[in-house]
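Let's take a walk through this structure together. Have the sequence and the 3D view ready, and follow along one stop at a time.

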Amino acid sequence: MTENDRLAERFQAHRPQLRAVAYRMLGSLAEAEDAVQETWLRLSRTDVTEVANLAGWLTTVVGRICLDLLRSRTSRREDLLGVHVPDPILDRVDGPEHDALLADELGLALMVVLDSLSPAERLAFVLHDMFAVPFDEIAAVVDKSPAATRQLATRARRRVRSAAPPRPDLGRQRAAVDAFQTAAREGDFDALLAVLDPDVLLRADYGALALGTNRELRGAHAVASNALMFARFAAASRPVLVNGTLGIAAAPEGRLFSVLAFTVTGDRITQIDILADPARLARLDTAFLADRP
């Protein structure tokens with residue numbers, strides 16, 4: 001085995017965590033994979049005998065790459081899309097427990113909250129609070145003092161705590177999502193109102209090619225009226241895990257049309273995030289949808 005082979009083997013051992021860091025930073029599975037690959041390219045050009053802590057070095061490098069990507073795309077995304085739903089990670093409801101990418105704190109609603117942070121705040125929060133990277137190492141990435149970097153993480157933590165949904169109860173989620181799906185299938189407006197929180201938020205992302213379609217709706221009546229549109233897809237829908245919490249995948253005629261992620265507080269749905277961007281849906285790992293529910 002050559003030195004490069006041994007280095008590649010060591011890198012592969014760290015790849016799952018690097019993907020987890022990049023996904024939390026970027027909210028895009030494709031961009032996360034690109035960031036990990038760029039990290040490998042930088043490692044392959046580095047004299048690793050000078051690297052005392054390879055895991056820490058790789059984590060800060062992938063963080064720096066993600067920070068650059070976030071800074072370059074933020075204003076462009078807001079101008080083009082308006083509403084953006086992060087890439088979901090799908091799995092069967094009764095599937096095995098997965099790696100760090102399916103941790104409880106990674107629910108899609110939390111990913112939406114992370115999207116609201118500035119790039120530097122997101123980096124400080126993700127690296128420190130989720131991966132225990134010391135502030136002095138993060139400071140070198142954001143080009144700030146450790147004290148200023150700590151403040152970035154504190155501001156981010158405050159915003160996350162105030163906006164993030166409570167820890168999900170899968171039993172209550174299942175009951176609420178089942179009630180939503182049944183009401184949508186039957187076109188029962190009153191039943192939809194009963195399962196929706198009065199201040200429910202719906203966020204729909206149809207992609208860059210559907211400008212004007214991406215939108216936010218607030219309030220049970222507005223969302224219930226919109227939800228009736230999904231009645232024609234309900235027969236071809238099935239429950240799935242979306243980032244570890246219960247959701248729905250609509251796949252009429254075997255083609256994935258949309259993914260709905262639900263935030264449930266108590267017994268009512270407080271947020272629905274919809275991804276219906278054909279290009280991004282086509283890149284998701286949906287092989288398990290071919291299995292019988």
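**Starting from the strands**

Strands β4 and β5 (residues 245-250) run antiparallel, joined by six bridges. Keep in mind that you're looking at a predicted model. To find one of these pairings, look at Pro239, whose bridge partner in β5 is Ile248. Two residues sit between the strands of this hairpin, and Asn243 has a positive phi near 55° there.

Now turn to the other partner of β4. Strand β1 (residues 90-91) also runs antiparallel to β4, with two bridges joining them. Here Asp91 is paired with Leu241 of β4. How much of β4 (residues 237-242) is covered? Mostly, it is: five of its six residues are buried.

Next, head for the nonpolar interior. In soluble globular proteins, nonpolar side chains tend to be buried together. The largest nonpolar core here has 58 residues, and Met25, Leu90 and Leu123 have the most contacts inside it. Helix α1 (residues 3-26) supplies the largest share of this core, nine residues. Zoom in on Met25: leaving aside neighbours within four places in sequence, its contacts are Cys66, Leu67, Leu70, Pro119, Arg122, Leu123 and Val126. There's also a second, separate core of 28 residues, with Leu196, Ala204, Phe230 and Ile274 among them.

For a last stop, find Thr59 in helix α3 (residues 54-80). Is Thr59 buried or exposed? With a relative accessible area of 4%, Thr59 counts as buried, because the cut-off for that is under 20%. Setting aside neighbours within four places in sequence, Thr59 is in contact with Gln17, Leu18, Val21, Leu127 and Val133.

Methods. Residues are numbered from 1 along each chain as its sequence is written. This is a predicted model: local features need pLDDT of at least 70, side-chain atom pairs count only at pLDDT 80 or more; totals for chains, interfaces and linings use all residues. Side-chain values use heavy atoms; hydrogens and water are left out. Helices (H or I, at least four residues) and strands (E, at least two) are DSSP runs, numbered from the N terminus. Buried means under 20% relative accessible area, exposed over 50%, partly exposed in between (1.4 Å probe, protein chains only). Contact means heavy atoms within 4.5 Å. A nonpolar core is a set of buried Ala, Val, Leu, Ile, Met, Phe, Trp, Tyr and Cys residues joined through side-chain atoms within 4.5 Å. Two strands pair if DSSP finds at least two bridges between them.
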